[in-house]
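User: Please take a close look at the aromatic contacts in this model. I would like one connected account.

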Amino acid sequence: MALNAFTVDVEDWFHVCGVDDRLPTGRWNDLDSRVERTTAALLDDLGESGSGATFLIVGWVAERFPALIRDIASAGHEIGLHGHRHRRVFELSPDQLRHGLRDNLDAVRAAGVTSEIVAFRAPEWSMNQRTPWAPEVLVAEGLRVDASRAPVARVGSAAFPRRPYPLATAAGPLFEVPPLVTELAGHAVPLGWGWGLRKAEPRDVLRAIEASNRHGDPAVLTVHPWEIDPEPPYVRLPAPLAFSHYYRLAGFRARLRAVLAGASFGPLRDLPDVTSWLAC
Ligand SMILES: [Zn+2]
């Protein structure tokens, strides 16, 4: 069975981009955190299906729950970065991104992770055509694999490639690993994450993964711990965000378990293209 990648953006339910008026960073410590128990549930599901994954960690979570990060690493999963304070890359200057990556890495190291860290995903797919300067910063900071460029309109671009590819930067190339998409009425839409993954029935996701694998490509799926929370705290969000956060959460954990049971998943670093990239 071909190997696909499963990734988890390790963040809490209140790490929502662009709503500082409702969920300001300064209030995060006072909110009812659920990331420990929802991430533990994901670890259980991955363990039961024998799947490996890459966990991309928000620095705040590593600072607040270092034992959780150690549990993820000791289960054999790959650790990567997802931004120190979960801010969108296009809101940052190059210097702010650089220092945020360093703080993010320091927090993960301080939690006890000793393995090599090469992978990054920008919050809300925000390293895209709006931030042509950003991939170079990642490479200069020692990152080699990026999973931030969604090949769909709005958060990314339908013109981005759908299979893994190197992206040239002035500091050297970065290897891009895009998430799984499908076509709906002539448009590329998410299938491997967010509302698209929650909407789809497991058999349809598995069929798309098989089709990808038949073409020699891996499928990359990604979830957030808060998506499998049976009763997530509700915050009134602007319409597109509310849809991407709350659409069809009911029953998602069971559907996800069926997907995990039906295909072979590992961390990004174990995809053959990524392994050979890291070896050279
Ligand atoms: Zn995120």
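Analyst: Start with a cut-off: buried means under 20% relative accessible area, exposed means over 50%, and partly exposed lies in between. The model is predicted. In it, Phe-14 has 0% relative accessibility, so Phe-14 counts as buried. Trp-60 comes out at 5%, and therefore also falls under the 20% limit for buried.

A search of the whole structure finds 11 aromatic pairs. One of them joins Phe-14 to Trp-60, with 5.4 Å centre to centre and 85° between the planes. That geometry is edge-to-face, because the planes are over 60 degrees apart. The pair links distant parts of the chain, 46 residues apart. Phe-14 sits in the loop between β1 (3-10) and α1 (35-49), while Trp-60 belongs to helix α2 (residues 59-64).

Phe-243 and Tyr-247 form another aromatic pair. Their centres are 4.8 Å apart, and the planes make an angle of 35°. Phe-243 has 38% relative accessibility, so it counts as partly exposed. Tyr-247 is partly exposed too, with a relative accessible area of 29%.

Back to Phe-14 and Trp-60. Both belong to one aromatic cluster, together with Trp-13, Trp-28 and Phe-65.

Charges also meet rings. Arg-130 lies over the face of Phe-90, 3.6 Å from the ring centre. Arg-149 places its charged end over the ring of Phe-160, at 4.0 Å from the centre.

How values were computed:
Residues numbered from 1 in each chain as written. Predicted model: local features only at pLDDT ≥ 70, side-chain atom pairs only at ≥ 80, totals over all residues. Heavy atoms only, no water. Phe/Tyr/Trp six-rings, centres within 6.5 Å; stacked < 30°, edge-to-face > 60°. Helix = DSSP H or I, 4+ residues; strand = E, 2+ residues; numbered from the N terminus. Buried < 20%, exposed > 50% of the residue type's maximum accessible area, 1.4 Å probe, protein only. Lys NZ or Arg CZ within 6 Å of the ring centre and 35° of its normal.
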